[in-house]
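Please read the points with the sequence and the model in view.

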Amino acid sequence: MRLYAYLIYFFLYFPIAIIVFFSFNSGKHASDFQGFSLKWYPKLFDNPFLIDAFNTSLMVALISAILASTFGTMAAIGLNNLKGKLRVFYDSLVYISVMIPGIVIGIATLIALVTLFKFLNPLLANIWPTSFGKPPLLNLGYVSLIGAHTLFTMSLSILIVRSRLNGMDRNLIEASNDLYGTPVKTFLKITLPQLFPAILSAFLLSFTFSFDDFIIAFFVAGSETTLPVYVFSSIRRGVTPEINAIATLILTFTILLLLASHLLMKYKNYSNKGSKK
Amino acid sequence: MLFPASFWFGVMLILPLIVITIFSFGERAPNGGYIPSFTFDQYLNLPARFVAFKNTLTLAPIGTIIALIIGYPLAYYLVFKVADNKKNLLLILIIIPFWTSILIRTYAWIFILGSKGIPNLLEYVGIENLRLINTSFAVLVGIVYSYLPLMVLPIYVSLEKLDKRLLEASSDLGASNFKNFINIIIPLSIPGIATGCMLVFILLMGEFLIPAFLGGGKVFFVGNALVDLFLQSRNWPYGSAVACSLVIIMLIIVSIYMKFINSKNNREEVSII
């Protein structure tokens, strides 16, 4: 039984280890190890396309994580006071946006935004005051990337913050109200500090998702290139040690983020247990 | 409080789903655009992509079942055979791969199954010209590898919740371990099994990367057909019809499945985070 478990862990981590191992390959052929070398890493920084893709991914992930955790928290609090049919309606929207395949979201967003922009651009050109200069041309790119990523991550944030909200000690809020705390003050001093670990872990998971997402970005990135889209097209062109080096860096980056978010969740569970007593 | 979320759901979820439905009844313009009309032509043309649907609807359930068969013993091991202080670490080790880039993890298998990987090693022991990559087998390996964590976690949760005193009582009354397993552990973990299977199956229905990398154009899913239709041949109305059909098939299967499961057990929510 134990051997079986070890085998599975081996199965889970072996492919990752292989990539990391071959990223230190000095040879030019990706699958033929010729000696240890770090040379592929500095080379990455000379590749302007890669740096560009990385910056785009970072920007998109950062903005969508901020939007998702903010709006998600607001929605989770709002939904908590909501009952009846409206509540069911919002709940199903949350579940639909988490469950629907990423590829369908990507496609649907692509055609909806292209159609919408086709309609909005002439309209905008007409009403745009000439003193402001040239009217902006709405196009796929940052806006569609952030929009589509935020949809999924916002729903994820709602689920995370809501589970924390349900585990929260109501007595503290009542006590604050009894002691003449204004609703705003109660929110800032009682609710928000208690929710904070959940909000932060929602932020980190949203960031990780957006940073790693390939399939949605593949459709809605327009003329922009995100890091996963860049890696995908490089893989299509052939397996090289350079890709292994990028992959190793991405893996390290996301694993660090995940550990951070996990430690926060643990802290959350810990304080949960404390408050239940 | 709900305003920003409502706005987002409206513009990024409801509007796109409405547009894609409208497109699926439209006609294709000669240059690849869309002509508004109301026709069922796109849907009647669906059999042209029959192979993609067939592959998805056979390999997705097979992959789900293999993941269950491999994942269940692991969840069992973690719950019943591991000391409490080690449990957390072993659990995190399962969650981490799930949240790291699926692109990179799938790419690793191109390496391993490619001609310089396992087939190359097998040549030393005399098995030659074995082809692993670009087969259904490779796609299944990729599927099980990617979705195993998602199967293990819900089962783990439901086994962890199981009242261990039931097992003691049953053993005291003379039941063997095997009997305990069949009569107590399996029935009580059905909610976890159901959640795990559903999550894996739903995600597999929309899979694109695994068949793209490991099926190499020979074994392809509906997801690959969609990428082809939208980004290469630019047939948006037909692509929309394929996407809508995928979602409808998914909804039908999931609701039948849920009805079947709900009639036996109360549903429970399982956190995948």
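1. A residue is called buried if 20 or more other C-beta atoms lie within 10 Å of its own, exposed if 12 or fewer do, and partly exposed in between, with C-beta atoms placed from the backbone. Helices (H or I, at least four residues) and strands (E, at least two) are DSSP runs, numbered from the N terminus. The model is predicted: local features need pLDDT of at least 70, side-chain atom pairs count only at pLDDT 80 or more, and totals for chains, interfaces and linings use all residues. Residues are numbered from 1 along each chain as its sequence is written, while chains are lettered from A and ligands numbered from 1 in the order in which they are written.

2. Chain B as a whole comes next. Chain B contains 13 helices and two strands, and its C-alpha atoms fill a box of roughly 75 × 60 × 35 Å along the principal axes. Of its 273 residues, 41% count as buried. Two residues are in contact if their C-beta atoms, placed from the backbone, lie within 7 Å. Among the contacts in chain B with a separation of 6 or more, 74% join residues 24 or more positions apart.

3. Helix α10 of chain B covers residues 190-205. How many of its 16 residues are buried? Twelve of them are, and α10(B) is thus mostly covered. The buried residues are P191(B), G192(B), I193(B), A194(B), T195(B), G196(B), C197(B), V200(B), F201(B), I202(B), L204(B) and M205(B). Their cover includes α4 (85-99) of chain A, together with α3 (50-80), α7 and α13 of chain B. The expected span of a helix is 1.5 Å times one less than its number of residues. For α10(B) this gives 22 Å, and the end C-alpha atoms are 22 Å apart, which agrees.

4. Helix α4 of chain B (residues 84-99) packs against helix α7 of chain B (residues 136-161), their axes coming within 8 Å and crossing at roughly 140 degrees. Axes here are lines fitted to C-alpha atoms, for helices over the stretch in contact, and angles run from 0 to 180 degrees between N-to-C directions.

5. I94(B), I95(B), P97(B) and F98(B) of α4(B) meet P149(B), L150(B), V152(B) and L153(B) of α7(B). By class, that contact has eight nonpolar, no polar and no charged residues; Ala, Val, Leu, Ile, Met, Phe, Trp, Tyr, Cys and Pro count as nonpolar, Asp, Glu, Lys and Arg as charged, and the others, Gly among them, as polar. In α4(B), I94(B), P97(B) and W99(B) are buried. The 16 residues of α4(B) should span 22 Å, and its end C-alpha atoms are 24 Å apart, which agrees.

6. The two chains also meet. Contacts link 59 residues of chain A with 54 residues of chain B. On the chain A side, the residues divide into 45 nonpolar, twelve polar and two charged.

7. V104(A), I107(A) and I111(A) of α5(A) meet W236(B), G239(B), S240(B), A243(B), L246(B) and V247(B) of α13(B). Seven residues of this contact are nonpolar, two are polar and none is charged.

8. Y180(A) has phi near 65 degrees, a positive value in a residue other than glycine. Y180(A) sits in the loop between α7 (170-178) and α8 (183-212) of chain A, and is exposed because 7 other C-beta atoms lie within 10 Å. R234(B), also not a glycine, has a positive phi of about 45 degrees. R234(B) lies in the loop between α12 (222-232) and α13 of chain B, and its 15 other C-beta atoms within 10 Å make R234(B) partly exposed.

9. Finally, K39(A) is found in the loop between α1 (2-22) and α2 (40-44) of chain A. Is K39(A) buried or exposed? K39(A) counts as exposed, because it has 11 C-beta neighbours inside 10 Å. P42(A), in helix α2 of chain A, has 9 such neighbours and therefore counts as exposed.
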